[in-house]
Amino acid sequence: MGELTSDLRDGFVLYHLLEELAGVSLRPLGKLSRGRMKIQQVANLNIDFKFLENTVCTVGIGPQDVYDGNKRLILGLCARRAPCAAAARARRDAFRARSSW
């Protein structure tokens, strides 16, 4: 990853990052487009934010803020998502440990 704001701009990196952190597929929320035009990139980010609205408090930040490269809001979003991801990972590991008995 190079510059955080430019990497997250098209929605692909954030989409795959959220899938890895949550351990679930975001495919039911929508299909990613190629993301060559602004409207396609914002549509990809909308898919990401559909998921985030259910898992993290996203008051004050939206897909357009990520597309515009607002570093303060993007870092705030990352800081809020990190503890949730750790808790989800712990629950998933505990479930796997119980089911392997």
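Gly23 follows helix α2 and has a positive phi, near 75°. The model is predicted. The chain has five helices and zero strands. Along the sequence, the pattern reads α-α-α-α-α.

**Burial**

- The chain has 101 residues, and 34% of them are buried.
- Helix α2 spans residues 12-22.
- Its buried residues are Leu14, Tyr15, Leu18, Glu19, Leu21 and Ala22.
- An α-helix has 3.6 residues a turn, so residues three or four places apart point the same way.
- Look for that spacing in the buried set of α2, which includes Leu14, Leu18 and Leu21.
- Glu19 is also on the list of buried residues in this helix.

**The cavity**

- How many cavities of 30 Å³ or more does a search of the whole structure find? The search finds one.
- The largest cavity holds about 30 Å³ of space.
- Leu8, Leu14, Val66, Ile74, Leu77 and Cys78 line the largest cavity.
- Which helix gives the most to the lining? Helix α5, residues 71-99, does, with three residues.
- The lining has six nonpolar residues, no polar ones and no charged ones.

**The salt bridge**

- The count of salt bridges comes to one.
- The partners are Lys71 and Glu3.
- Their closest N and O atoms are 3.3 Å apart.
- Lys71 lies in helix α5, while Glu3 lies in the segment before α1 (4-8), so the pair ties together parts that are 68 residues apart in sequence.

**Aromatic rings**

- A pair of aromatic rings is described by the distance of the centres and the angle of the planes.
- Here the count comes to zero aromatic pairs.
- Tyr67 does have a charged neighbour: Arg9 lies over the face of its ring.
- The distance from Arg9 to the ring centre of Tyr67 is 4.1 Å.

Methods: Residues are numbered from 1 along each chain as its sequence is written. This is a predicted model: local features need pLDDT of at least 70, side-chain atom pairs count only at pLDDT 80 or more; totals for chains, interfaces and linings use all residues. Side-chain values use heavy atoms; hydrogens and water are left out. On a 1 Å grid over the protein atoms alone, a cavity is a set of points where a 1.4 Å probe fits but cannot get out, and a pocket is an open set with protein on both sides within 12 Å along at least five of seven lines; lining residues have an atom within 4 Å of a point. Grid points are joined across faces, edges and corners, and a volume is the space filled by probe spheres set on the points. Helices (H or I, at least four residues) and strands (E, at least two) are DSSP runs, numbered from the N terminus. Ala, Val, Leu, Ile, Met, Phe, Trp, Tyr, Cys and Pro count as nonpolar, Asp, Glu, Lys and Arg as charged, and the others, Gly among them, as polar. Rings of Phe, Tyr and Trp (its six-membered ring) pair if their centres lie within 6.5 Å; planes under 30 degrees apart count as stacked, over 60 as edge-to-face and the rest as tilted. A charge sits over a ring if NZ of Lys or CZ of Arg is within 6 Å of the ring centre and within 35 degrees of the ring normal. A salt bridge is a side-chain nitrogen of Lys or Arg within 4 Å of a carboxyl oxygen of Asp or Glu. Buried means under 20% relative accessible area, exposed over 50%, partly exposed in between (1.4 Å probe, protein chains only).
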